[in-house]
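Me: I have a model on my screen and would like to learn how to read it. Could you take me through a few features, with the general idea before each case?

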Amino acid sequence: MLETGLIIRALMRNKVGALLIALQIAFTLAIMVNAIFMIQDRNQQMSRASGLDEANTFYLTNTIFGQDYNYQAQLQTDLHAIRNTPGVIDAIQINAIPLSNGGWSMALQHEPGEDKDTLGSALYMVDEHGINTLGVNLIAGENFRQQDIQWREPSQSTWPPKTIITKAFAQDLYPDDWQSAIGKTVYISQTQPMQIIGIIDKLQAPWVGWNSVERSMLVPFQLESNSARYLIRTEAGRRDELMPEIEKLLAESDKQRIIRRVTTLADTRKKSYQRHNATNNILTTVIITLTLITAFGIVGLAIFSINRRTKQIGTRRALGATKWQVMRYFMVENFIISLLGVTIGIIGAVGVNMWLVSTFELSPIGGKLIVIGAMTLFIVGQLAVLYPARRASLIPPAIATRSV
Amino acid sequence: MFNYYIKVAWVSIMRHWGLSLLMVCAIGLGIGATMTTVTVNYLMSANPIPHKSEQLFNVQLDSWDANDPFDDGQNPPTQMTYIDSTNLFKANKAFRQTITSQSYGVIESQDPEMRPLFVSGRANTADFFPMFDVPFIYGSGWDDSADQSKAQVVVLSKVTNDKLFGGENSVGQSIRLDGNVFKVVGVIDNWQPKPRFYDISTGAFDDTADYFAPFSLVAEEKLKRSGNTNCWKPFGDGFQAFLNSECIWNSFWVELRNDEEKANYQTFIDAYVQEQKQYGRFPRPLDNRLSTVTEWLENQEVVADDAQMMMAMSFMFLVVCLLNTIGLLLAKFLGKAPEIGLRQALGASKETLFAQYIIESGCIGLAGGILGLALAYLGLNAVEVMYGDYMQGLATLDVNMIVLAMLMSLVSTIIAGLYPTWRACKVQPAYQLKCQ
């Protein structure tokens with residue numbers, strides 16, 4: 001059927017040309033599949049929610065340079081002023097900003113003492129307004145009360161007795177039943193007990209590349225720091241108008257400090273994932289260009305092979321072959337070459353993936369992606385050969401009678 | 001004869017201009033992609049201080065937890081504790097040595113009109129400047145006695161000096177940093193080693209500090225410290241407890257002039273750790289390292305995985321482009337079989353034909369290389385825009401890269417042209433003539 005045997009025999013006479021196209025298809029497939037895989041991996045990371053009301057949240061750094069500064073009084077004054085600004089939902093002082101890649105981590109353990117198994121977590125120091133400002137949901141237990149909030153002095157090593165953790169962290173601590181975490185005592189800094197009083201649904205750690213990014217804990221601390229951050233959540237759509245207003249409010253109320261880095265969480269997200277985004281853009285460009293090069297290669301070679309066979313094609317037409325039969329010949333030929341290329345390509349793709357897995361600690365590729373990649377290349381090959389095949393079919397039978 | 005071949009090549013290229021353009025584009029894209037990624041990798045892994053990178057050593061001591069070793073036991077901690085860096089410093093066993101860590105502060109200008117300036121700084125000891133060949137515009141660094149006497153002296157960057165003193169010689173003037181008065185002893189010129197090898201824990205491609213001040217002032221709490229801090233053992237309250245802790249937050253560099261000095265220093269730090277073991281510190285097996293600048297950058301994997309992976313990808317991309325070129329050249333040269341047969345029949349030797357077709361391939365390669373350079377230039381600009389701060393100033397083509405690009409396209413195209421040329425020369429004149 002479909003003169004396949006004939007085409008293969010003809011191909012064997014001009015092995016090299018066909019093999020070159022097959023190899024191109026193979027390489028393209030190997031690169032394409034792995035690049036798409038890496039793009040998917042990054043997109044997946046980027047689409048994770050941080051848990052915060054990102055669109056309406058911003059933060060700033062309050063750097064104090066004055067001497068003999070009353071941190072405690074000034075912080076209360078600042079927070080009072082910010083919280084009472086029309087349009088502000090709530091505000092807190094916080095030690096680190098989610099997604100910002102800079103923060104504080106501590107390890108918790110079930111039993112006190114050295115040499116016990118620990119689980120690391122991001123740590124956010126907040127007051128009783130923390131949950132409301134971050135925009136996270138308390139799904140079990142309770143929030144901190146005002147009397148739980150302690151002052152943390154610089155270089156203090158003791159921790160408060162209560163904590164609120166994320167659901168993901170509760171699941172890691174109590175794999176059988178995360179809700180049972182409520183009321184349990186865990187240990188921080190090896191020996192200090194801490195009771196889990198609440199569980200929030202989601203709050204990411206600051207480090208977007210960390211594999212335990214969903215593990216976070218809140219502790220009821222206010223910092224005596226000469227470079228503290230304030231996180232502010234506004235009513236929907238009022239962030240941009242309030243940013244300069246609050247910056248001015250703080251800067252003018254006290255000349256012993258600098259208000260700097262007034263930043264939206266949206267910008268922080270963008271910056272944290274900038275490399276991810278850039279890499280994805282580059283990989284997309286690579287895939288498209290590569291596919292185009294392969295397609296043009298197929299076009300170029302097909303045109304040449306048709307030009308060389310003009311007389312043969314004319315003879316076939318003179319002997320009764322229809323235009324469609326001529327076209328079909330080249331399309332089947334391309335299909336056979338593609339089949340060879342895709343077969344080598346699948347082996348190559350898996351090979352490249354194995355190398356990526358071992359060198360860059362990526363996860364192994366799925367079969368579905370390879371199948372989709374192979375299908376795409378078959379289609380691209382058929383489309384590319386369409387124009388030359390059509391040209392071949394238009395060769396008049398009369399050419400058979402002419403010499404050169 | 002060479003000029004004649006070029007002329008023939010030109011005629012041949014122009015006759016099948018569509019196909020030639022396709023080849024030039026393919027090579028151009030391949031070279032463009034490869035050069036973009038190679039340049040990024042090359043600049044990321046560049047040697048920031050080539051003339052003495054083999055004499056400067058980062059010192060690593062394994063002071064970490066016996067049960068949970070640093071980096072899973074692969075490498076000792078990347079920074080040093082305060083106890084160890086000051087102990088090594090006091091021992092003074094190297095030709096030159098410096099402790100360095102990150103600092104920050106607020107400078108208040110004498111000019112009441114000027115708003116206070118938030119600045120990033122570096123706390124280091126005197127040898128930092130001669131060790132790393134820091135260029136000065138005015139004055140110089142401080143000397144050892146300033147470190148010991150905890151003198152409140154400061155070296156400013158050019159940018160800071162421009163802001164505070166309008167770029168004038170400020171040596172001898174004083175500035176108010178975090179409420180303390182510091183005397184300016186020097187102003188450095190623009191100095192931006194890339195990667196910033198002496199401190200990669202806070203960003204290997206970050207900017208140089210705005211000021212430099214004696215490390216001994218950190219313990220006096222006259223200089224605020226910042227940067228990466230890593231602890232494995234709980235410690236008590238207060239700053240003194242922090243200084244005495246097992247937390248790592250500064251780095252220690254030495255300059256050793258030859259192998260003998262290096263061997264002696266290694267013996268010294270090993271003995272130091274053995275001695276510390278008596279006090280119950282250093283529970284891990286002995287693993288102290290002296291790494292040259294290049295070893296250090298290699299070990300700390302300054303070149304991002306992304307960049308390396310892209311480079312690998314772009315080389316495969318180039319292979320596809322070359323396969324494409326081989327195929328197209330083959331088609332082109334074989335299409336000329338009748339012409340080749342005729343020329344052979346008229347007495348052209350195989351060598352002549354060979355030279356001619358190789359030159360034709362080379363011309364296509366050169367054209368592809370020029371296109372590739374243009375694309376690499378665009379590609380690098382795109383990389384710089386897309387990656388932002390992280391790649392700032394890293395994405396530039398230098399002469400080495402331009403030469404490499406041209407050589408790479410020329411050589412790879414000639415190699416790609418070898419097989420088609422060989423096939424073209426194998427044409428049987430008699431057969432071709434008969435077919436006519």
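Reply: Let us begin with a definition: helices, of at least four residues, and strands, of at least two, are DSSP runs, numbered from the N terminus. Keep in mind that this is a predicted model. Now take residues 369–387 of chain A: this span is 100% helix and 0% strand, and its end C-alpha atoms lie 29 Å apart.

Me: Which residues of chain A does the UniProt annotation "transmembrane region" cover?

Reply: According to the unreviewed UniProt entry, that annotation covers residues 16–39, 282–306, 335–357 and 369–387 of chain A. Another, residues 335–357 of chain A, is 100% helix and 0% strand, with 32 Å between the end C-alpha atoms.

Me: How is chain A divided into domains?

Reply: Domain bounds come from an automatic or database assignment. In chain A, domain 1 takes in 4–47 + 274–401, while domain 2 is 66–255. Their C-alpha centres are 55 Å apart.

Me: And what does UniProt place at residues 20–219 of chain B?

Reply: There the unreviewed entry has the feature "domain: MacB-like periplasmic core". Residues 20–219 of chain B are 28% helix and 26% strand, and 70 Å separates the end C-alpha atoms.

Me: Let us turn to cysteines. How many disulfides does a search of the whole structure find?

Reply: The test is simple: two cysteine sulfur atoms within 2.5 Å count as a disulfide. Over all chains, the search finds one. It joins C231(B) to C247(B), with an S to S distance of 2.1 Å. The link of C231(B) and C247(B) is right-handed, with 110° about the S-S bond.

Me: Which parts of chain B does the pair tie together?

Reply: C231(B) sits in the loop between strand 10 (224–226) and helix 8 (239–243), and C247(B) in the loop between helix 8 and strand 11 (248–255), so the link ties together parts that are 16 residues apart in sequence.

Me: Are C231(B) and C247(B) buried or partly exposed?

Reply: Under 20% relative accessible area means buried, and over 50% means exposed, with partly exposed in between. C231(B) is partly exposed because its relative accessibility is 36%, whereas C247(B), at 0%, is buried.

Me: Why is C25(B) too far from C321(B) for a bond?

Reply: The closest cysteine sulfur to that of C25(B) is in C321(B), and it is 10 Å away, so the distance is too far for a bond. C321(B) is in no disulfide. As for accessibility, C25(B) is partly exposed at 32%, and C321(B) is buried at 0%.

Conventions: Residues are numbered from 1 along each chain as its sequence is written. Chains are lettered from A and ligands numbered from 1 in the order in which they are written. This is a predicted model: local features need pLDDT of at least 70, side-chain atom pairs count only at pLDDT 80 or more; totals for chains, interfaces and linings use all residues. Side-chain values use heavy atoms; hydrogens and water are left out. Buried means under 20% relative accessible area, exposed over 50%, partly exposed in between (1.4 Å probe, protein chains only). UniProt positions are given in the numbering used here, feature names are shortened, and annotations may be inferred rather than shown by experiment.
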